[in-house]
Amino acid sequence: MGGALAIRPSAALLSDLFLSSHHRVLLRCRNNSIHLRTTASPQQPPRRRLATVSPMASAYKPDEARVPPALQLPTPPVTKFKIALCQLSVIPDKERNIAHARKAIEEAASKGAQLVLLPEIWNSPYSNDSFPVYAEDIEAGGDAAPSFAMLSEAARSLQITIVGGSIPERCGDRLYNTCCIFGTDGKLKGKHRKIHLFDIDIPGKITFKESKTLTAGEHPTVVDTDVGRIGVGICYDIRFQELAMLYAARGAHLICYPGAFNMTTGPLHWELLQRARAADNQLFVATCSPARDTGAGYTAWGHSTLVGPFGEVIATTEHEETIIVEEIDYSLIELRRSNLPLGNQRRGDLYQLVDVQRLNSQ
């Protein structure tokens with residue numbers, strides 16, 4: 001950061017300090033024992049006030065619970081629109097996967113979808129052996145990135161926004177799990193590289209180490225689109241509430257998580273995490289999984305889902321291949337934030353979430 005972080009040793013304090021160099025978020029406790037010094041006085045963005053703040057609430061410094069202060073929720077280009085979640089079957093044939101995804105996108109658009117979300121790793125089997133083989137050089141484009149080229153062309157020709165699931169990306173000697181976001185003109189609006197790699201070991205159930213082949217991304221991703229401000233995470237990213245909190249503080253209306261939870265964690269955590277991220281941050285959450293293939297080396301749980309800002313499941317699937325198209329109504333965000341004015345009730349005198357990337361850019 002632009003200065004020093006000074007900490008007077010304390011076991012209680014150290015237990016409350018969280019720092020991640022990957023997604024660049026700092027969660028810290030405020031009790032005059034942790035000090036953040038910067039070399040410049042940052043210009044603060046407008047502070048959002050959802051309701052009249054009582055003197056007691058004001059003493060709790062809710063605006064200081066986010067550093068820099070949370071951005072005001074922007075007025076979206078549309079209040080209501082349809083989103084499509086395309087839960088696709090994936091096989092080892094890359095050309096078939098690309099053509100299959102293109103057909104699904106067309107079908108979703110024909111049903112009125114203005115935003116289409118694809119699954120995690122939809123052009124390749126989900127395995128460390130497959131990632132290097134199916135990886136695309138997005139920067140080079142053309143024949144080096146046929147999945148990328150298809151998504152761009154589909155967004156442009158159908159005049160829709162596409163959050164393109166994820167594909168293995170090759171950049172130099174590194175591989176990433178990458179989601180590309182395209183605007184209605186077919187141009188790339190943002191690229192999210194999976195920040196938290198899926199490295200787990202549940203004996204007798206599942207062991208997987210993405211870090212054997214993949215490199216973690218370095219930046220959170222928020223993009224302004226024709227259907228609102230969207231934050232993007234990929235699968236395992238959903239487990240880290242700090243990232244979703246950061247997106248909410250940046251004014252996101254919707255967080256999209258292409259993901260492929262497995263048959264062990266899926267039944268327990270998949271819906272739970274989606275509803276938690278939506279309810280905690282009072283915004284929409286959309287997820288999209290590959291369809292389940294019990295004959296594959298990695299079996300996805302499925303159950304692509306749209307969750308509203310009250311934590312309610314608006315639409316969901318089972319595990320088969322399918323496309324669901326559902327309406328998003330952004331007016332529900334302000335309604336739920338007025339019902340439960342969490343933004344005015346945070347204790348900035350006790351804790352803070354620091355968006356390191358935003359802070360350093362000021």
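Which residues does N262 touch, not counting residues up to four places away in sequence? The contacts (heavy atoms within 4.5 Å) are F198, I200, I206, P267, Y298, T299 and W301. The model is predicted, so local features need pLDDT of at least 70 and side-chain atom pairs pLDDT 80 or more, while totals for chains, interfaces and linings use all residues. Residues are numbered from 1 along each chain as its sequence is written, and side-chain values use heavy atoms, without hydrogens and water.

N262 lies in the loop between β16 (254-258) and α7 (266-281). Helices (H or I, at least four residues) and strands (E, at least two) are DSSP runs, numbered from the N terminus. N262 is buried at 3% relative accessibility; buried means under 20% relative accessible area (1.4 Å probe, protein chains only). A polar atom of the N262 side chain lies 2.9 Å from the backbone nitrogen of T265.

The whole structure holds 11 aromatic pairs. Rings of Phe, Tyr and Trp (its six-membered ring) pair if their centres lie within 6.5 Å; planes under 30 degrees apart count as stacked, over 60 as edge-to-face and the rest as tilted. F198 and Y236 pair edge-to-face, at 5.6 Å centre to centre and 70 degrees between the planes. The two residues are 38 residues apart. F198 is buried at 5% relative accessibility, and Y236 is buried at 16%. F284 and Y330 also form an edge-to-face pair, at 6.0 Å and 65 degrees. F284 belongs to strand β17 (residues 284-288), 46 residues from Y330. Both F284 and Y330 are buried. Ring pairs join Y126, F131, F198, F208, Y236, F240 and Y298 into a cluster.

Methods. Buried < 20%, exposed > 50% of the residue type's maximum accessible area, 1.4 Å probe, protein only. Polar contact = N/O pair within 3.5 Å; in protein donor to acceptor, adjacent residues only side chain to side chain.
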